Number of protein chains: 2
Amino acid sequence: MPWIGKTGKMVHLFMADKLKQHGLNMSMEQAIILKLLHEEDGLPQNDMAIVTNRHKATLTRVLDTMEKNHLVVRIPDKEDKRMKRVYLTKHGRKHLEDMRPVFIEAADEVQKGLTKTEIKTLISLLKKVQGNINLKKLQHKPFTICEKSSYPF
Amino acid sequence: MPWIGKTGKMVHLFMADKLKQHGLNMSMEQAIILKLLHEEDGLPQNDMAIVTNRHKATLTRVLDTMEKNHLVVRIPDKEDKRMKRVYLTKHGRKHLEDMRPVFIEAADEVQKGLTKTEIKTLISLLKKVQGNINLKKLQHKPFTICEKSSYPF
DNA sequence: TTCACTTAGTTGTATGTGCAACTTTTTTCA
DNA sequence: TGAAAAAAGTTGCACATACAACTAAGTGAA
C-alpha cells in the first residue's frame with residue numbers, strides 16, 4: 001500500500017500551500033482543530049486527540065499556540081475538574097469562514113478528472129483500510145472510524 | 001476528499017507502531033530513507049527531498065540523526081562540489097533487512113478484506129489524485145509522480 | 001471508606017517539519 | 001570572460017509530533 005501515505009502527504013502539503021497563498025496564516029493542524037470545533041464546540045482535549053489521531057501531548061501544544069493567537073479558549077469542565085473543554089472564539093470563527101472557500105476550491109482541484117462514482121469508490125476503499133487499522137494501543141482507547149471529517153477537506 | 005489525509009496518517013501511525021513493537025528503534029521517516037537508498041544508493045540529498053515530498057532542510061536534519069546513528073554516510077560528489085551523495089552503511093543495510101518482514105506483514109494487515117482488483121482500483125485512483133497536485137512551488141521543481149515507492153509499504 | 005487504579009492534561013526531551021536567509025559552487029548569457 | 005542567476009546544502013526559528021514521567025482528579029472494589 002505504498003500510495004496512501006504519499007498521497008496523503010501530498011494532499012496535506014497542497015492544502016497547506018493553498019492556505020498560505022490566500023494569506024491565511026494558519027497550519028493545517030490548526031485548520032483541522034477549527035473544523036472539528038465547528039462541528040462540535042466545547043470538546044474535551046482528549047476527544048479531540050482521538051478524533052484527529054494525535055497524541056494528547058501534541059494537542060496540548062497545538063492548543064497552546066492557538067490560544068496564544070486567540071483562536072480558541074480552554075475552559076475547565078464544571079463536573080469533571082480534570083477535563084478542559086475547548087471553544088472557538090469570535091476570531092476563530094472568522095478564520096473558519098475565511099478558510100472555507102479555500103478548501104472548497106482546493107478540494108475541487110484535487111478531485112479534478114474523477115467521476116462522482118470514482119470518488120465514492122475511493123472513499124469506500126479508504127474506509128475499508130481504516131477499518132483494518134486498530135490504533136487502540138496508540139490512543140489507550142478502542143479506535144472507531146469517525147464519520148465526521150476530522151480533516152477540513 | 002476528507003479521507004485521504006486521515007487514512008494516510010492512520011497508516012503512518014500503524015506502521016510506526018509496528019516498527020516499535022518489533023523493537024526496531026527507527027522512525028517511519030528514517031525507514032523511508034533507508035528504503036529509498038535500497039532502491040538507489042548514493043542519491044543526492046535534494047533528489048531525496050523531492051521524491052519523499054520533504055523540504056531539503058528537513059532532509060538535512062533527518063540525515064544528521066541517521067548519520068549520528070551510523071545508518072548512512074554523506075559523501076561529497078567529486079564532479080559537483082555542491083552535492084552530497086548519501087550511501088547506506090552496513091548497519092543501515094542490516095536495519096533494512098530487519099524491517100522488511102515487518103512491513104510485509106503490516107501491509108497485509110492493512111489490505112485485509114480488499115480484493116486484488118480493489119487494491120488496483122485504489123492505487124489507480126490515488127495516482128489520479130497525485131496527478132492533480134502540482135507541488136512545483138513547494139519544491140522549486142516540477143512535480144513528477146514517482147513510480148518507485150518512496151514509502152516502505 | 002480507603003487505597004489502588006484509571007483518566008485528563010502538562011512538561012521534558014528528542015526528532016520531524018517548513019520557511020527564510022545564508023554560503024558555496026555551478027550555470028547562464030550578455 | 002565576468003557578473004547575474006540558479007542550485008545544493010546548512011542554520012535559525014517556530015511549530016508539530018511522540019513518548020515517558022509527572023500532577024491532579026475521579027472510580028471502584030475490598
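Visitor: In what order do the three strands of the open sheet in chain A run, and what is the sense of the pairing?
Guide: In this predicted model, the three strands of chain A form an open sheet in the order β1-β3-β2, and the pairing is antiparallel. β1 and β2 of chain A stand at the edges with a single partner strand each, so one side of each has no neighbour in the sheet.

Visitor: How many bridges join β2 to β3(A), and how many does β1 make with β3 of chain A?
Guide: Strand β2 of chain A, residues 72–76, is joined to β3(A) by five bridges, while β1 of chain A, residues 43–44, pairs with β3 of chain A, residues 84–88, over two bridges.

Visitor: Which residue of β3(A) does A:Pro44 stand opposite?
Guide: A:Pro44 stands opposite A:Arg85 in β3(A), and A:Ile75 also stands opposite A:Arg85. A:Pro76, for its part, stands opposite A:Lys84 in β3(A).

Visitor: Stepping back, how many helices and strands are there in chain A?
Guide: Chain A has seven helices and three strands, and from the N terminus on its elements run α-α-β-α-α-β-β-α-α-α. Of the 153 residues of chain A, 34% count as buried, and among the contacts in chain A with a separation of 6 or more, 53% come from residues 24 or more positions apart.

Visitor: What about A:Val129, buried or exposed?
Guide: A:Val129, which lies in helix α6 of chain A, residues 116–132, counts as buried because it has 24 C-beta neighbours inside 10 Å, the cut-off for a buried residue being 20 or more.

Visitor: And what does A:Val129 touch, leaving out residues up to four places away in sequence?
Guide: A:Val129 touches A:Ile4 together with B:Thr7 and B:Val110 of chain B. The C-alpha atoms of A:Val129 and A:Trp3 are separated by 12 Å, although these two residues are 126 residues apart along the chain.

Visitor: Which residues come nearest to DNA strand C?
Guide: Of the 26 residues around DNA strand C, A:Gln45, A:Asn46, A:Ala57, B:His55 and B:Ala57 come nearest. Here α1, α3 and α4 of chain A and α2 and α4 of chain B each supply at least two residues, with the largest share, five residues, coming from α4(B). The residues of the surface near DNA strand C divide into seven nonpolar, eight polar and 11 charged.

Visitor: Since α4(B) has come up, which of its residues are buried?
Guide: In α4(B) the residues B:Leu59, B:Val62, B:Leu63 and B:Met66 are buried. They cover an arc of only 100° around the axis, which puts them on the same side of α4(B). An α-helix has 3.6 residues a turn, so residues three or four places apart point the same way.

Visitor: What covers that buried side, and which residues sit on the face turned away from it?
Guide: The buried residues of α4(B) are covered by elements that include α2, α3, β2 and β3 of chain B. The face of α4(B) turned away from its buried side carries the exposed residues B:Ala57, B:Arg61, B:Asp64 and B:Lys68.

Visitor: What span should the 13 residues of α4(B) have?
Guide: At 1.5 Å a residue, the 13 residues of α4(B) should span 18 Å, and this agrees with its end C-alpha atoms, which are 18 Å apart. α4(B) is followed by B:His70, which has a positive phi near 60°.

Visitor: Where is A:Asn53 found, and what is its phi?
Guide: A:Asn53 is found in the loop between α3 and α4 of chain A, and it has a positive phi of about 55° although it is not a glycine. A:Asn53 is buried, with 22 other C-beta atoms within 10 Å.

Visitor: And B:Asn53, buried or exposed?
Guide: B:Asn53 counts as buried, with 22 C-beta neighbours inside 10 Å. B:Asn53 is found in the loop between α3 and α4 of chain B, and its phi is positive, about 55°, although it is not a glycine.

How values were computed. Residues numbered from 1 in each chain as written. Chains lettered and ligands numbered in written order. Predicted model: local features only at pLDDT ≥ 70, side-chain atom pairs only at ≥ 80, totals over all residues. Helix = DSSP H or I, 4+ residues; strand = E, 2+ residues; numbered from the N terminus. Expected span 1.5 Å × (residues − 1). Buried ≥ 20, exposed ≤ 12 C-beta atoms within 10 Å, placed from the backbone. Arc of directions from axis to C-beta. Contact = placed C-beta atoms within 7 Å. Pairing = 2+ DSSP bridges. Near = placed C-beta within 6 Å. Nonpolar A, V, L, I, M, F, W, Y, C, P; charged D, E, K, R; others polar.
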